[in-house]
Each structure stands twice: as structure tokens, then as C-alpha cells.
Protein chains: 2
Amino acid sequence: MPYQLHYWPGIQGRGEFVRLALEAAGAAYLDVARGADDEQGMAAMAHYLQDASVARPPFACPFLVDGKLVIAQTAAILLYLGPKLGLVSKNEADRLWTHQIQLTIADMVVEAHDTHHPIAASLYYEDQRAEALRRAADFRATRLPRFLQWFETVLARNPPNAGRLGAGKALHLVGARLSYADLSLFQLIEGLRYALPKAMRQQLRRVPHVAALHAQVARHKRVAAYLASERRLAFNEQGIFRRYPELDG
Amino acid sequence: MPYQLHYWPGIQGRGEFVRLALEAAGAAYLDVARGADDEQGMAAMAHYLQDASVARPPFACPFLVDGKLVIAQTAAILLYLGPKLGLVSKNEADRLWTHQIQLTIADMVVEAHDTHHPIAASLYYEDQRAEALRRAADFRATRLPRFLQWFETVLARNPPNAGRLGAGKALHLVGARLSYADLSLFQLIEGLRYALPKAMRQQLRRVPHVAALHAQVARHKRVAAYLASERRLAFNEQGIFRRYPELDG
């Protein structure tokens with residue numbers, strides 16, 4: 001049985017972090033809400049969110065269905081999939097560290113989203129634009145550098161990365177192999193570059209390991225094929241990462 | 001070796017979710033930054049956050065030190081501690097579900113915090129009060145009921161809870177035993193009642209399972225002893241849950 005990924009059909013959103021892991025591993029999966037078959041589409045996703053027969057309902061999508069298991073929360077899905085997809089170390093300490101990094105990426109995703117929705121997800125951007133201008137200014141000045149600097153530090157201190165940046169060799173957040181956290185950091189940087197191109201041009205110069213990891217993941221054979229495919233949705237102004245030039249300073 | 005918990009000494013904050021698990025289990029731990037010994041205090045915490053010798057530095061506190069392991073992110077700490085403290089099922093599906101619930105609690109904690117800091121954690125409340133009024137109004141009207149209703153649904157659909165609410169018997173979020181998620185939901189409700197007493201009086205009437213679980217955890221022998229001790233800090237206006245009456249509608 002292929003994995004079933006349930007997520008909104010029109011945006012990359014949080015579903016994309018899961019999709020990238022499945023794609024990079026070459027795993028068989030159904031993108032259920034985007035599917036055209038009878039048992040797919042939005043109704044199939046709504047079943048898990050709304051039907052009283054679901055014993056353990058997700059609070060929100062994305063969620064993964066694997067047999068009887070229904071797993072929501074992006075970081076929890078990746079915690080579960082990581083070992084199955086070969087995208088995390090078998091060592092417990094490494095797994096916990098990879099999960100920690102993923103949870104920090106998730107925290108930054110919330111803050112990136114809230115730059116354009118600081119008051120309420122239920123309101124339009126235009127109805128909270130004044131507040132968004134203030135929040136985005138703080139995000140660019142304090143939060144963006146702080147998060148990026150932490151990822152840079154993690155990469156710089158990972159022993160197998162020593163000497164690899166100058167030599168143009170592959171870098172990893174954890175140990176000497178690709179993990180789902182590397183894929184998620186790629187996606188985070190990709191989204192921030194879409195949303196805040198000016199701020200990110202400046203910031204990425206200060207975090208060369210992060211910039212190199214981002215470029216390297218984009219060249220990963222299966223990731224590159226996925227990014228060039230129709231399965232990869234374009235960024236847009238309904239997702240987490242939105243390009244509103246006034247928020248880019 | 002006792003566990004070392006590192007967190008800001010003056011607030012409950014996110015550290016409290018970890019502290020409650022350690023206390024409920026009767027585990028030996030040091031609350032490092034609050035300690036007076038030479039190897040304790042803020043400098044001991046700052047070491048892990050700032051020293052270049054730390055291979056895997058936390059992004060922020062709370063973090064737990066257990067031998068060579070340094071684990072940050074509240075939900076990851078509880079994922080690690082749960083089995084060791086007997087505060088989670090041994091079954092993988094139950095563990096993942098408990099973790100999912102914890103991550104959803106963590107999401108609500110962010111939103112509760114942002115009611116008073118919708119623009120920037122680096123600014124005073126007074127400098128973002130107008131925005132806080134708007135954000136808190138949306139939180140009370142849409143987010144608070146939505147999260148609470150989900151916890152209510154989780155409790156109502158947990159098979160071992162059937163018939164127990166009316167009979168005044170113990171309820172659990174997962175299966176038939178106390179988990180760290182039960183303790184964290186207690187803390188979340190306790191904090192929200194402190195911050196938004198009016199809104200919570202109304203809301204808790206609509207989620208009787210949640211209200212009963214909250215009351216039941218407060219009566220847990222070791223939890224009750226802890227809450228009455230000097231180890232339990234009082235809520236205050238430096239933490240996540242702050243009482244600003246104007247934000248309570």
C-alpha cells in the first residue's frame with residue numbers, strides 16, 4: 001500500500017515538507033486531496049478531519065495515513081517516516097537531534113507565516129496589513145538572522161562537514177548522510193527566498209553553509225526531478241510563504 | 001545522575017511542561033538555572049546555548065541534559081522522557097498519538113503567547129497593545145474554541161473513557177493511563193484560566209471532559225504536592241500566560 005498524504009491541493013504549505021521526503025526517497029505515495037479517483041479528493045481528506053467514526057482525528061492537515069495509522073503534525077510524520085525512508089540515522093541520539101532540528105524549522109515556519117498574518121488566519125492579509133508591516137520588519141531584523149545563524153552553527157559544528165564547504169562537497173545537518181531535516185531546510189530557504197528575496201539575498205551571504213546545503217539539495221537527482229515535475233506546485237499567495245514586496249523592506 | 005532541566009528561573013514557561021512530567025513521575029532532577037551551587041545558575045545554562053564547544057546546541061531553552069544527550073524542544077524532551085518516566089504507552093501507535101497531541105498543545109501555546117506579543121517578542125507588551133487587542137479577540141472567538149473542542153473530541157473518543165465522565169472517574173487523552181500529554185493539557189488549561197479567566201469560564205462549560213481532566217490532574221498526589229510546593233513558580237506577566245484584563249474581552 002502506498003502512503004497516503006492528505007493536504008490542501010492548491011498550496012505547498014506544510015504538506016511540502018512531507019512530500020519532499022517521500023519524493024527524495026522515491027517512495028510510493030498518493031497525494032489524496034489532489035487525486036481524481038473516486039476515493040480521493042477533498043472528501044477523502046475531510047473524512048479524517050470531520051467524521052465521528054475516526055478515533056484519533058488530526059487537528060489539521062497535513063496528515064499521513066499508513067494502514068491503520070493516521071499521523072498528523074509535520075514533524076511527527078517525518079519522525080515516523082524517517083527510518084522507513086532511510087532519511088534519518090538509526091542511532092537514537094541522531095534521531096532525536098534530527099527531530100529537534102525539524103521542530104525548530106517548524107517554529108520558523110509559523111513565524112514566517114505570521115509575517116503576513118500576525119492577527120488572525122481567519123482574516124485576509126489586507127485586513128492586517130499594517131500589523132504585518134511591523135511584524136515582518138521585526139522578523140527580518142531579529143528572527144530571520146537568529147534562526148539562520150543557528151542552522152549555520154549546526155552545519156558548521158557537524159564533524160563530517162569539516163573542510164567540505166570550501167571543497168564544494170555535500171553538507172548535512174546530522175552526520176554524514178542526507179536526512180529529512182536537510183530536505184526541510186532546503187524547503188524553508190526556498191520559501192523564504194520566494195517571500196523575501198531582498199532580505200534573503202543579504203542574509204544568505206552570512207550563512208554560507210546554509211546556502212550551500214540549499215543549492216546541494218536542489219541538485220539531488222530525485223529532488224531535482226520532482227521540482228521540475230507537475231507534482232511540484234508553484235509558490236503562491238495562499239500558502240505559508242507569500243511574496244508581498246512591502247514586507248521585504 | 002539526576003536529569004538536568006535548563007530553563008529560565010523566573011517563569012513557568014515551556015519548562016513547566018517538562019517539570020510537571022518529572023514531578024508526576026517522582027523523578028530526580030536538577031532545575032539547573034534556579035540552583036545555587038557552583039555548577040548551577042544561569043551560567044550553566046548559557047554554556048549550552050553559547051559555547052562553541054557544544055556540538056549540538058539548543059536553539060532555546062527548555063532543554064534537558066541526560067548524560068551526553070542534550071535535548072531541546074519541549075515536545076522532543078517529553079518524547080524522550082515519556083517511556084523512561086512511565087508516562088506514555090509502550091505501543092508505537094499510542095506513542096505517536098501522544099506526541100501528536102503534545103505538538104498540538106505546543107501550537108496552542110505559541111498562539112496563547114502571541115495574544116500578548118503579536119508583533120515581536122523583542123518588544124514590550126505596551127508597544128504592541130493595540131495589535132494584541134485584535135489578536136486576542138480572534139483567539140477568544142475562533143482559536144480557543146477550536147483547540148478546546150479538539151481536545152474534548154480526543155477525550156470523548158478515547159474508548160477507555162466511555163461512561164467515566166458521568167461517574168466522576170479518571171479520564172485520559174490516550175488509552176487508560178496517565179501520560180505526559182494529560183499533564184501538559186492540565187498546564188495549558190491552568191495557564192489559560194490564569195490569562196483569560198472570563199473567556200475560560202465560558203469555554204470550559206462546553207468541554208466537560210477537558211474540565212474534568214484538568215481537575216483530576218490537579219488532584220494527582222505528586223502533582224498536588226508539587227503545585228503546593230515552592231518549586232512551583234507563580235504565573236506572572238513575564239511568562240507565556242499573562243493576565244492583561246483588556247485581552248479577556
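**A first look at chain A**

From the N terminus on, chain A runs β-α-β-α-β-β-α-α-α-α-α-α-α, where helices (H or I, at least four residues) and strands (E, at least two) are DSSP runs numbered from the N terminus. This is a predicted model, in which local features need pLDDT of at least 70, side-chain atom pairs count only at pLDDT 80 or more, and totals for chains, interfaces and linings use all residues. Residues are numbered from 1 along each chain as its sequence is written, while chains are lettered from A and ligands numbered from 1 in the order in which they are written.

**Overall build**

- Chain A has nine helices and four strands.
- The C-alpha trace of chain A spans about 50 × 45 × 30 Å along its principal axes.
- Of the 249 residues of chain A, 46% are buried (20 or more other C-beta atoms, placed from the backbone, within 10 Å of the residue's own).

**A hairpin to find**

- Strands S3 (residues 63–66) and S4 (residues 69–72) of chain A pair in the antiparallel sense over four bridges; strands pair if DSSP finds at least two bridges between them.
- Asp66(A) has Leu69(A) in S4(A) as its bridge partner.
- Two residues lie between the strands of this hairpin, and Gly67(A) takes a positive phi near 65°.

**Where the chains meet**

- The contact takes 31 residues from chain A and 31 residues from chain B (C-beta atoms, placed from the backbone, within 7 Å).
- On the side of chain B that touches chain A, the elements giving two or more residues are strand S4 (69–72) and helices H3 (74–85), H4 (92–116) and H5 (129–157) of chain B.

Notes. Two residues are in contact if their C-beta atoms, placed from the backbone, lie within 7 Å. A residue is buried if 20 or more other C-beta atoms lie within 10 Å of its own, exposed if 12 or fewer, and partly exposed in between; C-beta atoms are placed from the backbone.
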